[in-house]
Amino acid sequence: STNLAVLGSEQTVNNTTTLTTLTDFTYALVANATYVAEFVLIYLSGTTPDVKFKWDISSVSGCTIEWGQTGASAINAAAPSGGAAITTYNSMHDQTQTMVLAGQGTGPDNKVVLPLFATIQSNSSAGQLEFQWAQNTADAVAATLEVGSYMKITRNA
């Protein structure tokens, strides 16, 4: 079965690097299942704070996730291990890693459209899948996740 969640209202973070759960992008995983998740995230961030995304699967014992962005590699602001930005290709992340992406500015023409893909394997326990985000560097200029962003998650097995 497939579930589509569309961001109902603009989400804003400013002056914080603390990850915040996007409540529109949570999903109840069942035990011993395989999922595919597709996102289109539309964000607006200044070039100082950038943005970061991460999964919180602390309630799902043994869950694994392989995920990555499929947009332009030029917006990668850091490697999955936290090193220098990879600008020649998009590397995959696992469930423990944070994805950091570059902000392009805060004007109406600086929105970034980010396609993202994930494979998710739950283990012997069910639990809550939560997608989180924040600024990568705390900055008083707000970063926003725009209406129209969505998550589509499909259970395959």
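The paragraphs below go through this structure from its sheet to its core, its aromatic rings and a few single residues.

This is a predicted model, in which local features need pLDDT of at least 70, side-chain atom pairs count only at pLDDT 80 or more, and totals for chains, interfaces and linings use all residues. Residues are numbered from 1 along each chain as its sequence is written, and side-chain values use heavy atoms, with hydrogens and water left out.

We start with the strands. Strands (E, at least two residues) are DSSP runs, numbered from the N terminus. Two strands pair if DSSP finds at least two bridges between them. In general, strands of a sheet pair through backbone hydrogen bonds, either parallel or antiparallel. Here an open sheet of four strands has the order β3-β10-β5-β8, and its pairing is antiparallel. Strands β3 and β8 stand at the edges with a single partner strand each, so one side of each has no neighbour in the sheet. On average, neighbouring strands of this sheet are turned by 20° against each other, direction ignored.

How many bridges join β5 to strand β8 (residues 99-101)? There are three, and the two strands run antiparallel. Within this pairing, F53 stands opposite M99 in β8. With strand β10 (residues 127-134), β5 pairs over five bridges, again in the antiparallel sense.

The next term is burial. A residue is buried under 20% relative accessible area, exposed over 50%, and partly exposed in between, using a 1.4 Å probe and protein chains only.

As a general rule, nonpolar side chains tend to be buried together in soluble globular proteins. A nonpolar core is a set of buried Ala, Val, Leu, Ile, Met, Phe, Trp, Tyr and Cys residues joined through side-chain atoms within 4.5 Å. The largest such core in this model has 36 residues, and F25, I120 and F131 have the most contacts inside it. Contact means heavy atoms within 4.5 Å. Leaving aside neighbours within four places in sequence, F25 is in contact with several residues, including A5, L7, F39, L129, F131 and Y150.

Rings of Phe, Tyr and Trp (its six-membered ring) pair if their centres lie within 6.5 Å; planes under 30 degrees apart count as stacked, over 60 as edge-to-face and the rest as tilted. By this rule the model has ten aromatic pairs. Why is the pair of F25 and F39 edge-to-face? The ring centres of F25 and F39 are 5.7 Å apart and the planes stand at 85°, so the pair is edge-to-face. F25 belongs to strand β3 (residues 20-29) and F39 to strand β4 (residues 34-44), so the pair ties together parts that are 14 residues apart in sequence. Both F25 and F39 are buried. Ring pairs also link F25, F39, Y43, F53, W55, W67, F131 and W133 into a cluster.

Some single residues complete the tour. H93 lies in strand β7 (residues 93-94) and, at 5% relative accessibility, counts as buried. A polar atom of its side chain lies 3.3 Å from the backbone oxygen of S91. Not counting residues up to four places away in sequence, H93 touches I65, E66, W67, G68, P80, T98 and M99. S73 sits in the loop between β6 (64-69) and β7, and S73 is buried too, with a relative accessible area of 16%.

Is S1 buried or exposed? At 67% relative accessibility, S1 counts as exposed. S1 has its place in the segment before β1 (2-6). Apart from neighbours within four places in sequence, S1 is in contact with I153, T154 and R155. V6, found in strand β1, counts as partly exposed at 45% relative accessibility. Leaving aside neighbours within four places in sequence, V6 is in contact with D24, S149 and Y150.

Note on methods
A polar contact is a pair of N or O atoms within 3.5 Å; within protein, one must be able to donate a hydrogen and the other to accept it, and residues adjacent in sequence count only if both atoms are side-chain atoms. Axes are lines fitted to C-alpha atoms, for helices over the stretch in contact, and angles run from 0 to 180 degrees between N-to-C directions.
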